[in-house]
Amino acid sequence: MQTIHVATPSARYDVFAGSGLLTSLAPRMQKAIGRLPRRVFVVTSPEIWALWAERFLESFPEPPVTLFLEPGEKHKTVASVEKLLRQMVRAGGDRGSLLIAFGGGIVGDVGGFVASTFMRGIRYVQVPTTFLSQVDSSVGGKTGVNLPEGKNLVGAFHHPSAVFADIGVLATLPERELRAGLMESVKAGIIRDRALVRFMEEKADAILRRDPAALEKVIAASIRMKAQVVNKDERESGLRMILNFGHTIGHALEQATGYKAILHGEAVAWGMIAALFLARKRGTITAGQQERLEKLIYHYGPLPALSVRPARVLAATGGDKKNVGGVRRFVLPVGIGDAGVVEDVTVPEIQAATTYMLGHAKPRGKRPPSS
Ligand SMILES: NC(=O)c1ccc[n+]([C@@H]2O[C@H](COP(=O)([O-])OP(=O)(O)OC[C@H]3O[C@@H](n4cnc5c(N)ncnc54)[C@H](O)[C@@H]3O)[C@@H](O)[C@H]2O)c1
């Protein structure tokens with residue numbers, strides 16, 4: 001097991017990553033945050049609970065109150081938050097209660113937001129169950145829900161009191177979810193950790209086979225990277241922006257495809273392909289580095305084909321004609337293991353990067369050889 005310490009101006013807590021944490025959760029939580037209160041709530045989804053409830057409950061002398069959130073972005077809403085808050089009041093929750101968010105990024109974001117608002121804020125613990133939530137969303141204190149107008153438009157910064165990432169629960173994670181989540185680790189390596197890039201190149205087979213030692217190494221390195229960045233810039237006023245590498249076009253793709261055709265990690269992967277193209281054009285990486293990193297991304301694919309018009313993606317980046325005077329912020333890698341934010345990306349540059357990416361995202365058989 002590895003322990004990573006998060007220390008920001010507003011919070012200090014530990015992230016534990018290793019195999020078998022789930023069956024000893026209660027004593028581990030007591031050790032990390034002190035005696036458990038009278039009312040402990042678990043927010044989870046029915047499918048995760050069906051798979052893992054028995055192991056989860058093993059170490060609790062008294063079972064926590066279980067509250068369910070249906071899976072999917074369409075349930076990451078203010079209405080779900082209200083429902084959970086009301087259930088907590090009716091079940092006797094008070095200011096001393098503890099909430100455990102047990103699930104993927106959606107459960108973590110909603111559960112964290114519920115904890116940030118219930119009785120003006122109670123403590124919560126993240127027990128992430130997807131690869132993405134273990135390496136990314138459970139750490140850093142961003143919580144929130146979607147509005148019909150857009151993703152993550154309502155939320156709060158509210159750090160967990162501890163995070164327990166049990167690699168064992170990844171055993172039941174669908175292959176596509178694992179591969180999509182691994183893109184966040186590829187991202188972590190490219191922007192901040194050259195050794196992680198090399199490890200993910202050399203140990204790809206073991207990682208994709210879900211070898212626990214290989215997964216632990218990737219997960220711990222990714223969390224460490226995120227913790228270091230968040231420790232320096234909790235509220236995303238500077239350095240934390242580099243975590244958005246691949247996200248400008250990635251978010252645009254998600255928006256242009258209605259959040260249905262591709263998973264978040266897959267959208268980020270295509271966004272990284274576009275950003276690497278831009279970086280090579282601007283000379284912050286070499287053609288050889290672009291080729292090496294593209295190969296790594298495709299190795300953790302397959303990435304789904306995209307049938308979306310370039311103009312729609314462009315509009316979603318704010319790179320259409322209406323925004324000619326606006327700032328288009330891009331995170332670009334500088335070599336391998338470093339990155340910076342540029343704010344002067346031009347419309348033709350975004351057009352070229354989008355065209356390049358969509359050329360590689362054609363249905364299989366019509367793509368250029370490397371993808
Ligand atoms: N707060 C942050 O900093 C941050 C960062 C990145 C992403 N996010 C958010 O995270 C969300 C995506 O999270 P995600 O990728 O974890 O998706 P998710 O929460 O939708 O989980 C994916 C699917 O896998 C299932 N699942 C989860 N764990 C499982 C397991 N162990 N075995 C079998 N099935 C399992 C879930 O029920 C769900 O159907 C998005 O809403 C995104 O906005 C937040």
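Colleague: How many bridges join strand β10 to strand β11?

Modeller: A word on the basis: this is a predicted model, in which local features need pLDDT of at least 70, side-chain atom pairs count only at pLDDT 80 or more, and totals for chains, interfaces and linings use all residues. Residues are numbered from 1 along each chain as its sequence is written. Strands (E, at least two residues) and helices (H or I, at least four) are DSSP runs numbered from the N terminus. Strand β10 (residues 330-333) and strand β11 (residues 339-342) run antiparallel, and the number of bridges joining them is four.

Colleague: Which residue takes a positive phi in the hairpin of β10 and β11?

Modeller: On the strands themselves, V331 stands opposite V341 in β11. The hairpin has five residues between the strands, and the one with a positive phi, near 65°, is G335.

Colleague: Where is T44, and is T44 buried or exposed?

Modeller: T44 lies in strand β3 (residues 40-44). The cut-offs are 20 or more other C-beta atoms within 10 Å for buried, 12 or fewer for exposed, and partly exposed in between, with C-beta atoms placed from the backbone. T44 has 25 C-beta neighbours inside 10 Å, so T44 counts as buried.

Colleague: What distance separates the C-alpha atoms of T44 and L69?

Modeller: L69 sits in the loop between β4 (65-68) and α3 (78-90). Contact means C-beta atoms, placed from the backbone, within 7 Å; leaving aside neighbours within four places in sequence, L69 touches V43, S45, H75, S80, V107 and V110 in this sense. With the neighbours within four places again left aside, the contacts of T44 include W49, F68 and V107. T44 and L69 are 25 residues apart along the chain, and their C-alpha atoms are separated by 6.0 Å.

Colleague: Which element gives the most to the side of domain 1 that touches domain 2?

Modeller: The bounds come from an automatic or database domain assignment, which gives domain 1 (2-172) and domain 2 (175-360). The contact takes 25 residues from each of the two. β1 (2-7), β2 (12-18) and α5 each give two or more residues to the side of domain 1. With five residues, the element that gives the most is α5.

Colleague: And how many residues of the shell around the ligand are charged?

Modeller: The shell holds 27 residues (C-beta atom, placed from the backbone, within 6 Å), with G104, G105, T129, T130 and S137 coming nearest. α2 (46-57), α4 (105-117) and α5 (131-137) each supply at least two of its residues. Ala, Val, Leu, Ile, Met, Phe, Trp, Tyr, Cys and Pro count as nonpolar, Asp, Glu, Lys and Arg as charged, and the others, Gly among them, as polar. The shell divides into eight nonpolar and 12 polar residues, and the charged ones number seven.

Conventions:
Two strands pair if DSSP finds at least two bridges between them.
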